[in-house]
Amino acid sequence: MGRAAVRSAQGKVPEALADVAEAVTRDPQNTQAYVLRARLHDMAGDLNAAIADYSTALNLAPSGEALLGRATAYLRASQFALATND
């Protein structure tokens with residue numbers, strides 16, 4: 001996941017997404033991988049994928065980081081009622 005974080009910081013979102021997808025495949029219980037992938041999806045403009053990954057992270061291990069990320073993605077997707085629920 002370190003390489004994905006570096007690539008993300010360099011603006012290499014597609015490459016970072018590929019790295020994180022590999023991390024999720026290796027360890028489907030890795031909540032931080034889902035949170036990072038959600039952020040990358042958000043950066044790429046794919047809010048539905050971001051929301052899905054934040055939701056997966058929340059189902060695995062609820063955290064403020066994932067909850068805030070999902071609420072923010074809901075807001076950006078104009079899904080105000082769902083954002084309010086988060």
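Asp-19 is buried, at 9% relative accessible area. Here buried means under 20% relative accessible area, exposed over 50%, and partly exposed in between, with a 1.4 Å probe and protein chains only. This is a predicted model, in which local features need pLDDT of at least 70, side-chain atom pairs count only at pLDDT 80 or more, and totals for chains, interfaces and linings use all residues. Residues are numbered from 1 along each chain as its sequence is written, and side-chain values use heavy atoms, with hydrogens and water left out.

The side chain of Asp-19 meets that of Arg-7 in a salt bridge, at 3.1 Å from N to O. Asp-19 sits in helix H2 (residues 13-26) and Arg-7 in helix H1 (residues 2-9), so the pair ties together parts 12 residues apart in sequence. Arg-7 is partly exposed, with a relative accessible area of 25%. A salt bridge is a side-chain nitrogen of Lys or Arg within 4 Å of a carboxyl oxygen of Asp or Glu. Helices (H or I, at least four residues) and strands (E, at least two) are DSSP runs, numbered from the N terminus. The structure holds 7 salt bridges.

Another salt bridge joins Arg-26 and Glu-22, at 3.6 Å from N to O. Both residues lie in helix H2, 4 residues apart, about one turn of the helix. Arg-26 is exposed, at 60% relative accessible area. Glu-22 is partly exposed, at 42%.

Asp-86 pairs with Arg-70 in a salt bridge, with the closest N and O atoms 2.7 Å apart. Asp-86 lies in the segment after helix H6 (80-85) and Arg-70 in helix H5 (residues 64-76), so this pair links parts 16 residues apart in sequence. Arg-70 is buried, at 16% relative accessibility. Asp-86 is partly exposed, at 27%.

Now the helix packing. The axes of helix H3 (residues 31-43) and helix H4 (residues 47-60) come within 8 Å and cross at roughly 165 degrees. Axes are lines fitted to C-alpha atoms, for helices over the stretch in contact, and angles run from 0 to 180 degrees between N-to-C directions. H3 and H4 are therefore roughly antiparallel to each other, a term for angles over 145 degrees. Residues making the contact (heavy atoms within 4.5 Å) include Tyr-34, Val-35 and Ala-38 of H3 and Ala-50, Tyr-54 and Ala-57 of H4.

Terms used: Parallel < 35°, antiparallel > 145°, perpendicular 65-115°, else oblique.
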